[in-house]
Amino acid sequence: MHKKEPVWEKLLQEFVHPPALVLLIVGFAALLQLDIVLALIIWSIIVVNTGFSFWREHRAEQAIEKLREILPSFAHVIREGIESFIPSSDVVPR
């Protein structure tokens, strides 16, 4: 089974994408120029984009998880010289 990543780590990953980092820097530059409104607009764009990206990824993970539940998982094995397909849960190491 796959280990699930904590939500805060997923959100942090969305904030450290290169385009988001560029916008963060541009927001700070606007703040240094005392253009608070522009800085807030830029940062709000980052927050909204992060929210949409996070939601889209969350929905995709849910869809993948549902597909894993529906689709059987089989392994191609050779036992006693005979090739066969068995459920992955029946595979054990030698």
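**Entry 1: terms and ground rules**

I take contact to mean heavy atoms within 4.5 Å. I am working with a predicted model, in which local features need pLDDT of at least 70 and side-chain atom pairs count only at pLDDT 80 or more, while totals for chains, interfaces and linings use all residues. I number residues from 1 along each chain as its sequence is written, and the side-chain values use heavy atoms, with hydrogens and water left out.

**Entry 2: overall form**

I looked up the secondary structure and found three helices and two strands, arranged along the sequence as α-α-α-β-β; helices (H or I, at least four residues) and strands (E, at least two) are DSSP runs numbered from the N terminus. The radius of gyration is 23 Å, well over the 12 Å that the globule rule gives for 94 residues, so the protein is more spread out than a compact globule. That radius is taken over C-alpha atoms, and the rule is 2.2 Å times the number of residues to the power 0.38. I note that the C-alpha trace spans about 75 × 25 × 20 Å along its principal axes.

Of the 94 residues, 14% count as buried, where buried means under 20% relative accessible area, exposed over 50%, and partly exposed in between (1.4 Å probe, protein chains only). Among contacts with a separation of 6 or more, 25% come from residues 24 or more positions apart.

**Entry 3: Glu14**

I turned to Glu14, which is placed in helix H1 (residues 7-15). Glu14 is buried yet has no salt bridge, and the nearest side chain of opposite charge, Arg56, is 6.0 Å away. For charge I count Lys and Arg as positive and Asp and Glu as negative, leaving out His and the chain ends; a salt bridge is a side-chain nitrogen of Lys or Arg within 4 Å of a carboxyl oxygen of Asp or Glu. Leaving aside neighbours within four places in sequence, I find Glu14 in contact with Ala20, Thr50, Ser53, Phe54 and Glu57.

**Entry 4: salt bridges**

My search of the whole structure gave two salt bridges. In one of them the side chains of Glu61 and Lys10 meet at 2.6 Å, N to O. Glu61 lies in helix H3 and Lys10 in helix H1, so the pair ties together parts that are 51 residues apart in sequence. I recorded Glu61 as partly exposed, with a relative accessible area of 33%, whereas Lys10 counts as buried at 15% relative accessibility.

I also noted the salt bridge between Glu65 and Arg68, at 3.8 Å, N to O. Being three residues apart in helix H3, Glu65 and Arg68 are separated by about one helical turn. Glu65 is partly exposed with a relative accessible area of 27%, and Arg68 counts as partly exposed at 45% relative accessibility.

**Entry 5: along helix H3**

I looked up Ile41 in helix H3 (residues 36-70) and found it partly exposed, with a relative accessible area of 45%. The C-alpha atoms of Ile41 and Arg56, 15 residues apart along the chain, are separated by 22 Å.

**Entry 6: positive phi in two loops**

I checked Leu34, which is not a glycine but has a positive phi of about 65 degrees. Leu34 is found in the loop between helix H2 (18-32) and H3, and at 72% relative accessibility it counts as exposed. Glu80, also not a glycine, has a positive phi of about 55 degrees. I place Glu80 in the loop between strand S1 (74-79) and strand S2 (82-87), where it counts as exposed at 83% relative accessibility.
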